[in-house]
Amino acid sequence: MSQNKNLTNPPSEDDEDMFVTLDLDDGTTAECRILTIFDIGEQDYIALLPLDENGNDNADGTVYIYRYSENEAGDPSLENILDDEEYEIVSDRFDEILDEAEFEER
């Protein structure tokens, strides 16, 4: 899982709900809805919700979180988070974002 993921359908800022197609290491693809892109320090991260075979949000609550970057041409790139401590920090921040969104909806 140390390889970068390829986005075959990069996000468009025109979409209310943005979707991407991930080319996974095992040769399969996963359609995902972008939940959020957020930063911690100088690094951006992206949270993706994989869709089921009918194009609906998965029912098991699986979320993919990756490092996110764009090159000078604006092409997006995802990278696995291999460091456990970094992943813990990123997941805690994502949980905070979810809590903030839930609080704002009330």
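This is a predicted model: local features need pLDDT of at least 70, side-chain atom pairs count only at pLDDT 80 or more; totals for chains, interfaces and linings use all residues.
Contact, as the word is used for packing here, means heavy atoms within 4.5 Å. By that criterion, the buried residues of helix α1 pack against strands β3 (29-40), β4 and β5.

Helix α1 covers residues 84-105. The helix has 22 residues, and the distance from its first C-alpha to its last is 32 Å, close to the 32 Å expected at 1.5 Å a residue. Its buried residues are Glu86, Val90, Ser91, Phe94 and Ile97. Viewed down the axis of α1, these buried residues fall within an arc of 125°, and they therefore line one face of the helix. Exposed residues, namely Asp84, Glu85, Asp99 and Phe103, are found on the other side of α1. The N-terminal end of the helix is capped by Asp83, which places a side-chain oxygen 3.2 Å from the backbone nitrogen of Glu85.

The strands may be taken next. Strand β4 (residues 43-50) pairs with strand β5 (residues 64-70) in the antiparallel sense, over five bridges. Within this pairing, Leu48 has Tyr64 of β5 as its bridge partner. Strand β5 also pairs with strand β6 (residues 76-79), again in the antiparallel sense, over four bridges. Here Tyr68 has Leu78 of β6 as its bridge partner, and Ser69 stands opposite Ser77 in β6. The hairpin of β5 and β6 has five residues between the strands, and in this hairpin Gly74 takes a positive phi near 90°.

Side chains of opposite charge can pair when their charged atoms come close. The structure holds five salt bridges. One of them joins Glu79 to Arg67, with the closest N and O atoms 2.9 Å apart. This pair links distant parts of the chain, since Glu79 lies in strand β6 and Arg67 in strand β5, 12 residues apart. Glu79 is partly exposed, with a relative accessible area of 34%. Arg67 and Glu79 also belong, together with Glu86, to a network of salt bridges. Glu86 is itself one of the buried residues of α1.

Other salt bridges involve Arg93. Its partner Glu96 is reached at 3.2 Å between the closest N and O atoms. Because Arg93 and Glu96 are three residues apart in α1, they are separated by about one helical turn. An α-helix has 3.6 residues a turn, so residues three or four places apart point the same way. Arg93 also meets Glu100 in a salt bridge, at 3.4 Å from N to O. The relative accessibility of Arg93 is 25%, which counts as partly exposed. Glu96, at 42%, counts as partly exposed, and Glu100 is likewise partly exposed, at 41%.

Thr21 lies in strand β2 (residues 19-23). With a relative accessible area of 9%, Thr21 is buried, because buried means under 20% relative accessible area. The side chain of Thr21 is joined to that of Glu31 by a polar contact of 2.7 Å.

Key
Residues are numbered from 1 along each chain as its sequence is written. Side-chain values use heavy atoms; hydrogens and water are left out. Two strands pair if DSSP finds at least two bridges between them. Helices (H or I, at least four residues) and strands (E, at least two) are DSSP runs, numbered from the N terminus. A salt bridge is a side-chain nitrogen of Lys or Arg within 4 Å of a carboxyl oxygen of Asp or Glu. Buried means under 20% relative accessible area, exposed over 50%, partly exposed in between (1.4 Å probe, protein chains only). A polar contact is a pair of N or O atoms within 3.5 Å; within protein, one must be able to donate a hydrogen and the other to accept it, and residues adjacent in sequence count only if both atoms are side-chain atoms. The expected span of a helix is 1.5 Å times one less than its number of residues. The arc is that of the directions from the helix axis to the C-beta atoms.
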